[in-house]
Amino acid sequence: MRLATWNINSIRTRVSRAVDFAVREDIDVLALQEIKCKPEQFPYAPFEEAGYHVEAHGLNQWNGVAIASRLPITDVETSFAGMPGFAKGHEGPDAPLEARAIGAMIDGVKVWSLYVPNGRSLDDPHYRYKLHWLDELRQATAAELAANPELPLALVGDFNIIPFPEDNGDPAIVEGVSTHVSPEERAAFFALESAGVTDVVRPLIPEGFTYWDYQRLKFPRNEGIRIDFVLGSRALADAVTGASIHRNERKGEQPSDHVPVVVDLDFAGTDDDDDMPMIFA
DNA sequence: ATGGCCCATTTTATGGGA
């Protein structure tokens, strides 16, 4: 399986970019974030003509996530257990859920396309929402893997966290001042490791940005940040044979401000049966 | 001079993005 994640920043504006990329790169599963539309507004036809089935989750013009797949999709979910909601002036347990998660089983792999809340500023209610959302994601992930430790599980998407100082090439994002780099956000990101998932791209690609702001010539100056990740359970990580960050997708007409991140998975090479020897051809 | 963008919307302002 060749699995990609991409914050597309409006699928209606960039549908040809998304489909062209998927076809050109031979992607089996494309997880999208920020589709910025409702399911009935999603441009399904170009995907279907290219052989992809799409499951989309969107409630309004904000957020929105989807999974496009050439392989059969089952067990679609549009929120994880405990996922909190948010609305202006409407914090708390009864706040409405946003369209920030869609999960599905695809060829034995559980894939979640995630769009983590931005946080806005350190003193904003949205920041507390972001930390709560991440803590619930950690708990849901831990529970899912406790119930099925051998599950190949992929949490992919825009995490809106810059894990390491070297992932921040944007001088506008300042440690101690800005969101995305606070100790609490980084702790929430690394706490996902305790739930059983790790960044499977980092070992193969130690350096590289996935987002450059549209403003102030950030891309030509290479003042980007690394915030888009593929986190995998042990069974998934053991199957990774390659990874790539598609920096060229930031170029050209009407790019998204994010670029795709791709991982190659080969489960045939994984010996996950303790009683049987590996069979070599 | 130290800024310069882009998206969607019951659009000509506003909310959101990181």
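Me: Of the atoms of DNA strand B within 4 Å of the protein, what percentage belongs to sugar or phosphate?
Reply: Before the number, please note that this is a predicted model in which local features need pLDDT of at least 70, side-chain atom pairs count only at pLDDT 80 or more, and totals for chains, interfaces and linings use all residues. Residues are numbered from 1 along each chain as its sequence is written, chains are lettered from A and ligands numbered from 1 in the order in which they are written, and side-chain values use heavy atoms, with hydrogens and water left out. Now take the atoms of DNA strand B within 4 Å of the protein: some belong to bases, and the share in sugar or phosphate is 77%.

Me: How many residues surround DNA strand B?
Reply: A residue is near a strand if one of its heavy atoms lies within 4 Å of it. The closest ones here are Ser-10, Asn-118, Arg-120, His-180 and Ile-225. The number of residues that surround DNA strand B is 28.

Me: By class, how many charged residues does the surface near DNA strand B have?
Reply: Ala, Val, Leu, Ile, Met, Phe, Trp, Tyr, Cys and Pro count as nonpolar, Asp, Glu, Lys and Arg as charged, and the others, Gly among them, as polar. On this surface there are six nonpolar and 13 polar residues. The charged residues number nine.

Me: Which helix gives the largest share of the surface near DNA strand B?
Reply: Helices (H or I, at least four residues) and strands (E, at least two) are DSSP runs, numbered from the N terminus. Chain A has five helices and 12 strands. The largest share of this surface is three residues, and they come from helix α1 (residues 11-24).

Me: How far is a phosphate oxygen of DNA strand B from an N or O atom in the side chain of Ser-10?
Reply: A polar contact is a pair of N or O atoms within 3.5 Å; within protein, one must be able to donate a hydrogen and the other to accept it, and residues adjacent in sequence count only if both atoms are side-chain atoms. For Ser-10 it is 2.4 Å.

Me: Is Ser-10 buried or exposed?
Reply: Ser-10 sits in the loop between β1 (2-7) and α1, and its side chain makes a polar contact of 3.1 Å with that of Thr-13. Buried means under 20% relative accessible area, exposed over 50% and partly exposed in between (1.4 Å probe, protein chains only). Because the relative accessible area of Ser-10 is 13%, this residue is buried.

Me: What is the phi of Asn-9, near which value?
Reply: Asn-9 is also found in the loop between β1 and α1, and at 10% relative accessibility it counts as buried. Its phi is positive, in a residue other than glycine, and lies near 55°.

Me: Does Gln-254 count as buried or exposed?
Reply: Gln-254 is placed in the loop between β11 (240-245) and β12 (261-265). It has a positive phi of about 50° although it is not a glycine. Its relative accessibility is 53%, so Gln-254 counts as exposed.

Me: The side chains of Glu-98 and which tyrosine are joined by a polar contact of 2.6 Å?
Reply: Glu-98 is in the loop between β5 and β6, and at 15% relative accessibility it counts as buried. Its side chain makes a polar contact of 2.7 Å with the side chain of Arg-100. The contact of 2.6 Å is with the side chain of Tyr-129.

Me: How far apart in space are Met-83 and Ala-140, C-alpha to C-alpha?
Reply: Met-83 lies in the loop between β5 (73-77) and β6 (101-106) and is buried, with a relative accessible area of 8%. Contact means heavy atoms within 4.5 Å, and among the residues Met-83 touches are Glu-98 and Trp-133. Met-83 and Ala-140 are 57 residues apart in sequence, and their C-alpha distance is 8.5 Å.

Me: What is the radius of gyration of chain A?
Reply: This value is taken over C-alpha atoms, and the globule rule is 2.2 Å times the number of residues to the power 0.38. With 281 residues, a compact globule would come near 19 Å, and chain A agrees with that, at 18 Å.

Methods. Lists of a residue's contacts leave out its neighbours within four places in sequence.
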